[in-house]
Amino acid sequence: MAHNLPPQLGEALSRASMFFVFIFIWSFALFAGITMVWLLAWAVRRGEFQNLRDASRMIFDDGEPIGEVTDRFPESIKASGEGR
Amino acid sequence: MGRTLFLALGIFLTIACSVTGLVILPNWQFQGLKPVTKKDGVKYPMPYFGDNHKGRAEYISHGCIYCHSQQVRMKGYGADIRRGWGTRRSVPRDYIYDYPHQLGTMRTGPDLANIGARQPSRDWHSLHLYDPQITSPGSVMPRFYYLFDEVKQGESPRAGAIKVPDGYPNRGSVVAIVPNERGEQLIAYLKWLNQSFPLPEAQQ
Amino acid sequence: MNVVNSPTEEIRARIEADSSARVVVTLYWASALFWLTFATLAGLISSIKLHSPDFLNYEWLTFGRIRPVHWDTAIYGFGGLAASGTLLWLQARLCQVKLPFRGPLIIGGILYNLGMVLGVIAVLAGYSTGVETLEFPVWAMTFLVLPFVVIVIANFTMYARKKTQHTYVSQWYLMAVTVWFPVLVLSAEACINFGAVDGVAQAIANWWYGHNVVGLFATPTGIAAAYYLIPKVIGKPIHSYHLSLVGFWTNAIFYNWAGTHHLTGGPLPAWTITVGVVGSMMMFIPVITIGINHHMTMLGSFHLLKTSPTLRFAVMGSMMYTVASFQGSLEALRTHQEVTHFTHYTIGHVHLGMYGFFAPLMFAMMYYAMPRLMRQEWSSARLIRIHFWCTLVGTALYGGAMCFAGVKQGLMMNDPAIPFLKVVEFTIPFLQLRTLAGLILLSGTMAFLINFGRMMARHKLTFADPTLFTSERNWDALLEEEQKV
């Protein structure tokens, strides 16, 4: 895109966008870094990492419990046979 | 909500680090690169201008990059130099005026970093682009016939026309070809591609 | 925090989520399939051109234009839309909430398709930006980015409203995609197409993006789908939940850095390549942990591959993930790159990843979700089988032919005694094999398209055939919810 612009405009645009990227990334990274550490401590205190077994089971419910196969070829049940 | 934020920020941090490391840092490293002045007072590299500048746009528009790279690997890594694709390895300074870059990652066809030095002839480039089978039998490059005007048998000769060789099987009634405006531009660009100037940092 | 206690509430929520997502997700997936067909056709044309250069030799269809159109429609058209549909449906289901912002999401889907059409025309007409994977001009790309604003907001809204107590591992990946993708695209566009960086730095930025758009967009969605579908279909929780967390964070940290190996041997400072190689090597950690989890979960349930179409595709995808990732990590090594860089090997690898891993997982997702969204059974089991075998055989043939030819091609190119045209001559039979593989893949896609089209054409809010829904015993509740949405 910028290669179609007049050189001065292209360069100014280039500098402006680099400045934007620079400020954006670094300020956010700094902010994120501090918040991360704080949140990690908070999450550990709250016991977020203690019940992983339940988390792995949350995709099942009473309608589709553990041990229930939930997908088949359309006709394989009708014929109650095996697929090929 | 705290957990959402925690997750999102952590994930963001991973990409923020890599954008800093791989996009911003290299750009800083290369920002100071300036052209060098040769003994005859000419600078290398030189910005693209006129026909070679427009020809570069043709090169991009026709997607040459999908089969041709523009980078010579160092001695002892691959056979780029031994194949005669260049006299030295390519270095970042060779590309300071390249926007957008056309380094390429595929060599269905040969490397073009020094095609201007290897093939300085307008006739060769014209015939090769018109039908690669003329100059490189067995090539899988498409014919870029639309970059040329054809001079048929019986038509009056034209200035700058290039004779199609007699042995060319698909010749038909075409006796000569003349690159049209875009063809001339593309050829000017290809002839411009030349990294033979021995930059100091490429000698190490 | 709202916690669902009664089991019927959970079932209700699941059905409600499915019903609310119906129109949006169907729209996204139907357009994804359109672009997949388009991309496969464009790929087939490109493939034929590489052994018969006079095939359709017009300016608009010249190899250098149809080839980027193939990749862009595959990654943005099929990849972007299939992944977005997956993301929205899976997140709604896992959070047990209704899909929010359905109107804006539909408009977004339409805009996205419009952007794709504009981008394809621009590239074919010669207005490509010339930067690989970002060929679409900025004005076309804008249409692709805007819908993501809605998708990202919808995703976070669902997560914030979630009724479940836990976060499932798939959700981590889905959240990651929505954080990564906007940052990825905006940074890349700002740096590359708005001219912030040029020359070699632009090449690095280009491949940082080109590699990450696959690894931080397609891959996480694929893994999220596998993490959901495999345990869900066989009715067994995943092997190790701890491992999945390790896999997630190592993937997040290391994948970002792997992109520069696309420029090994190029005119770059050595440190950038080293970073890429280290990043690629470290990828063994997440790949192994994810592999262990997926394959160990499957252990003892392989007989179900016979009867479940979803599982077939999901297992094919997760196995190919392991294969393609190992291959990719090894490919980054300098000695490996000396031979295979610049050859068809890379193309083979990309297809093993995209068509061996990502696409089958998206197909699995569609095979599982569409009957539940439309409340209707797939009309033909035969078409599903044709689709599966075409996908498997086509990918294997493609990957095998290209990877073998690539190694030999690289070795020949590194021997200066062999003229270049001899190398070209050597590759031609393999390029013809690739065209055959492309035809097989296209046949598979057509089979799926027919099945998908039939389902959409016969869309009724009735249970045509309860085969898939044997587990949903709560018919009354189901119907009731159905009418409310």
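**View 1. Contacts of C:Ala205 in the predicted model.** In this predicted model, and with neighbours within four places in sequence left aside, C:Ala205 is in contact with B:Val23 of chain B and with C:Ala188, C:Cys191, C:Ile192 and C:Val197 of chain C. C:Ala205 is also among the residues that touch the most other members of the largest nonpolar core.

**View 2. The largest nonpolar core.** This core holds 204 residues, of which C:Leu88, C:Trp180, C:Ile204, C:Ala205, C:Leu229, C:Leu361 and C:Ala364 touch the most other members. Helix 6 of chain C, which spans residues 199-234, gives the most to this core, contributing 22 residues.

View 3. C:Trp35 lies in helix 1 of chain C, residues 7-51, and is buried, because 25 other C-beta atoms lie within 10 Å where 20 or more are required. Once its neighbours within four places in sequence are set aside, C:Trp35 is in contact with C:Thr73, C:Gly77, C:Phe78, C:Leu81 and C:Met116. C:Ile386 is 351 residues away from C:Trp35 in sequence, and the two are 20 Å apart in space, C-alpha to C-alpha.

**View 4. B:Arg82 in a loop of chain B.** The loop that holds B:Arg82 runs between helix 2 (50-61) and helix 3 (115-118) of chain B. B:Arg82 is partly exposed, because its count of 13 other C-beta atoms within 10 Å falls between the limits of 12 or fewer for exposed and 20 or more for buried. From B:Arg82 to B:Ser173 the separation is 91 residues in sequence and 41 Å in space, taken C-alpha to C-alpha.

Notes:
Residues numbered from 1 in each chain as written. Chains lettered and ligands numbered in written order. Predicted model: local features only at pLDDT ≥ 70, side-chain atom pairs only at ≥ 80, totals over all residues. Core = buried A, V, L, I, M, F, W, Y, C linked by C-beta atoms within 7 Å. Helix = DSSP H or I, 4+ residues; strand = E, 2+ residues; numbered from the N terminus. Contact = placed C-beta atoms within 7 Å.
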